[in-house]
Amino acid sequence: MIRVFVGTALTGAFVVGLGLIGLAAGGSRSLNAYLVLSGLLFAIGMFGFLARRNAISMLMSIELMLNAVNLTIVAFGTFVPKLAASAQGSVIALIVIGVAAAEATVGLAIVIAIYRNRKTPLVDEYDAMSQ
Amino acid sequence: MTGLGVHLATVLAATTPEGTADGGIFDLLVPLIILLPLAGFLITAVVGRRQGTQAHLIPVGAVGIAWAIGMVVAFSSLMGAAPFGAEGYGHQIYTWIPSDTFQVAVGFFVDNLTACLLIVVLTIGLLVHVYSIGYMSHDPGYWRFFAYLNLFMVSMLLLVLADSFLVVFVAWELVGLSSYLLIGFWKHKPSAALAAKKAFLVNRIGDVGFALGIMAIFVNTGTLNIRDAMAFLTAHAGQLTIPIFVVALLVFAGAMGKSAQFPLHVWLPDAMEGPTPVSALIHAATMVNAGVYLVARTNPIFASAPDSMVIVAAIGIFTAILAASIAMTQTDIKRVLAYSTLSQLGYMFASLGVGAFTAAIFHLMTHGFFKGLLFLGSGSVIHAVHEEQDMRRMGGLAKRIPHTYRTMLIGSIAIAGIPPLAGFFSKDEILGEAFKNGFQWVWLIGILVALMTAFYMFRLIGLTFWGESRVDPAIEPHIHESPSVMTTPLWLLAIPSIFLGLILSWPGPPLGPLFGLHGPGLLAGWLEPVFAQGTQLLGRTETDFAVFGIDGGLLLLSIVVAVIGMVGAWRLFGADLGRISWRPNPERVRALTSRVPFLYRASLNKWWFDDLNHLIFIVIGGRVAAFAWWFDRRVVDDTVNDIASTTVGAGTRLRRVQTGRVQNYALGIAIGLIVMAGSFLVLAGRGR
């Protein structure tokens, strides 16, 4: 339990620190800050996807990556004048959210189906294909 | 193939009216000749086993009725009756292979040549069937034997009656099959099984030539109908896709196989392993004539390529002297006759080669009868001395088996060429024609062969029937004449052996006018339309028979030669003919053979042809095959196997890449993504 707290605290500190770096790079009016944040979120999501063995956690990591990309799209939509005029960025972001929701539903359904079969959420035990 | 269709159309247009002529009853009778033995074969094959000793009734009956019908058909043709005329009559029954330009119709064609063959095949076939009733009576495979005999009759009759090369080829192979079955009839005997295999294989070599010849004919003419193809080939001999010389040689290759001409002659002597009626029917009187028939039937092809005819004559006369020289020293009674058959077939081919087609068919007919007689007689001798075939353990049988002795004596005089028996006329005609057509070398060798023929035949008679008995004392008291079911066919064959030559070459009344002929002889008149095309192409003109000129001289010479050979054999091997009673003289034989040791050994060992074949095909061929096997195993197979095992090994190692773990794949995706994005950034940066 203590490890969870320490981990959460460390991650929180890490995120806050990086947020500070973002603010230093230009604050809320700078595109770069959003991009840095988005890159960080994507990196975290990728790390989670590669490092976690739990299928649910991996799905969550995917969501994180999708949202990082969404953030990038929205940021570009706001800061690029041509795009800002037509609100195209927001529209695309909404589509991505919709698709992500659908993807999450399907992914969860598959994970649950496998779980019922194999009685485990750990993906490294889903190795029937290699045998 | 340029303009082939047009040519073909004209050829077909020229022959169609004849083909559609109304044949009346003959449309039914001619197929019946084939269908009757076929029915006999099928019925005997199915129920024969249950008939036991009565198994011969249906097959012999079928052949008997077929014989009667065949005689009606043959003599209708020879007399030029309604549908036949001088040119012959054909009828197409159905189209076997209807395929665009490749049309094969099954039909029959009867002209005077077919009629002559029908007489020989059916008459000898029927007599051999009857003879077999006695000869095979104690054999456990009685019914099987008659089934095979009927199958052979079907094949042989189809061969002479068919009007399409492809049907002839089918019959050709069927004849080969029935020959195989009958040679190997006593299949428990390894030598018989081996001889059957040998006959089959050697025949196949010739058949390849014949098959190629048929293909060449089709490529050239676009038709397989014999008459249409002949008409087309001779009309366009100069402008064919495949030269007519090649076509002639290919067809002749087929004839060489079936008629056992050098170098494909090796199967015939071994074929004597079969029952003796088979030797008489197939390997003396009918099947071996198929090659002669084929060449005679396709005479325009050969006449269009005179060079090929010289080859035919050379191979024929070479076979004749080769086989005659071997026959002089053999001690197996059936082998002497087998080599004699080879020799006489060589005469027929020599005759075809010098352009004397009629003489060849003449000799085919007379030879069929007297050689059939001699073989059946030898069977009767073998029967009498309890399956002994070695003439050194016979002798003095004349008094013991008088019917066999008398008929075989008639046959021997006939084949030796002593007038007025049948063989004299046909042999003399061949030799005379060869001389007059400018083939003096053929004539010279032929005279020599005639001398040897008379010699070895009376050697056979002397050793078998005259002199002291050398039969095994245990068998001696049991020697008995064959039953009348066997001796009757012998006498029935002896009649044509005496008179057939005289009848067929008789020039004047009363027989000539009966058939509407006024020509040089009965057979020459019959066959004149058949060989008209060939004779015309060769540019031969009919010359009158000059009794006091060259013909008389040649005739006298061949009589003298035959008598010399006969008397020579008497002096050496004895004679017992009423007043002529000479003792055999073994010392003199030994002295003579020791004076020419090489020739004697060569003759005794059949000129080492079996050893040569053994060396070429078994020893050298075996080495080549062994090398090919090694090459296949070590090089071809190993290459394939190595490729396979390399693939398997690579796969075994590579399969570890596929761990089946999602994270590993995801890592691959991530690395790929980074590499792609990174290289994009680098490239985009450089481009700016």
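**Notebook: loops, helices and a chain contact in a predicted model**

I began with B:P263, which sits in the loop between α9 (244-258) and α10 (267-270) of chain B. I note here that I am reading a predicted model. The peptide bond that joins B:F262 and B:P263 is cis, with omega at about 0°. For background I wrote down that most peptide bonds are trans and that most residues other than glycine have a negative phi.

With that in mind I looked up backbone angles in two further loops. In chain A, the loop between α4 (81-86) and α5 (88-118) holds A:A87, whose phi is positive, near 55°, although the residue is not a glycine. I counted 11 other C-beta atoms within 10 Å of A:A87, and since 12 or fewer counts as exposed, A:A87 is exposed. In chain B, B:D100 lies in the loop between β1 (89-99) and β2 (102-110), and B:D100 too is a residue other than glycine with a positive phi, about 50°. B:D100 has 5 other C-beta atoms within 10 Å and is therefore exposed.

Next I turned to helix α19 of chain B, residues 440-465, and checked its length: at 1.5 Å a residue its 26 residues should span 38 Å, and because its end C-alpha atoms are 37 Å apart, the two values agree. Of these 26 residues, 22 are buried, so I recorded α19(B) as mostly covered. Just after α19(B) comes B:G467, with a positive phi of about 75°.

I then looked at two helix pairs in chain B. The axes of α14 (residues 306-327) and α15 (residues 333-353) come within 7 Å and cross at roughly 160°, which means that α14(B) is roughly antiparallel to α15(B). Their crossing is left-handed, and the residues of their contact divide into 20 nonpolar, 6 polar and no charged.

For the other pair, the axes of α4 (residues 112-135) and α20 (residues 484-505) of chain B come within 7 Å and cross at roughly 155°, so α4(B) is roughly antiparallel to α20(B). This crossing of α4(B) and α20(B) is left-handed. Among the residues making the contact I found B:L127, B:V130 and B:Y131 of α4(B), and B:V485, B:M486 and B:P489 of α20(B). The contact of α4(B) with α20(B) has 10 nonpolar residues, 1 polar and no charged.

Last, I looked up where the chains meet: 9 residues from chain B and 9 residues from chain A take part in the contact.

Notes: Residues are numbered from 1 along each chain as its sequence is written. Chains are lettered from A and ligands numbered from 1 in the order in which they are written. This is a predicted model: local features need pLDDT of at least 70, side-chain atom pairs count only at pLDDT 80 or more; totals for chains, interfaces and linings use all residues. Helices (H or I, at least four residues) and strands (E, at least two) are DSSP runs, numbered from the N terminus. The expected span of a helix is 1.5 Å times one less than its number of residues. A residue is buried if 20 or more other C-beta atoms lie within 10 Å of its own, exposed if 12 or fewer, and partly exposed in between; C-beta atoms are placed from the backbone. Axes are lines fitted to C-alpha atoms, for helices over the stretch in contact, and angles run from 0 to 180 degrees between N-to-C directions. Angles under 35 degrees count as roughly parallel, over 145 as roughly antiparallel, 65 to 115 as roughly perpendicular and the rest as oblique. A crossing is left-handed if the near helix is turned anticlockwise from the far one by less than a right angle, and right-handed if clockwise. Ala, Val, Leu, Ile, Met, Phe, Trp, Tyr, Cys and Pro count as nonpolar, Asp, Glu, Lys and Arg as charged, and the others, Gly among them, as polar. Two residues are in contact if their C-beta atoms, placed from the backbone, lie within 7 Å.
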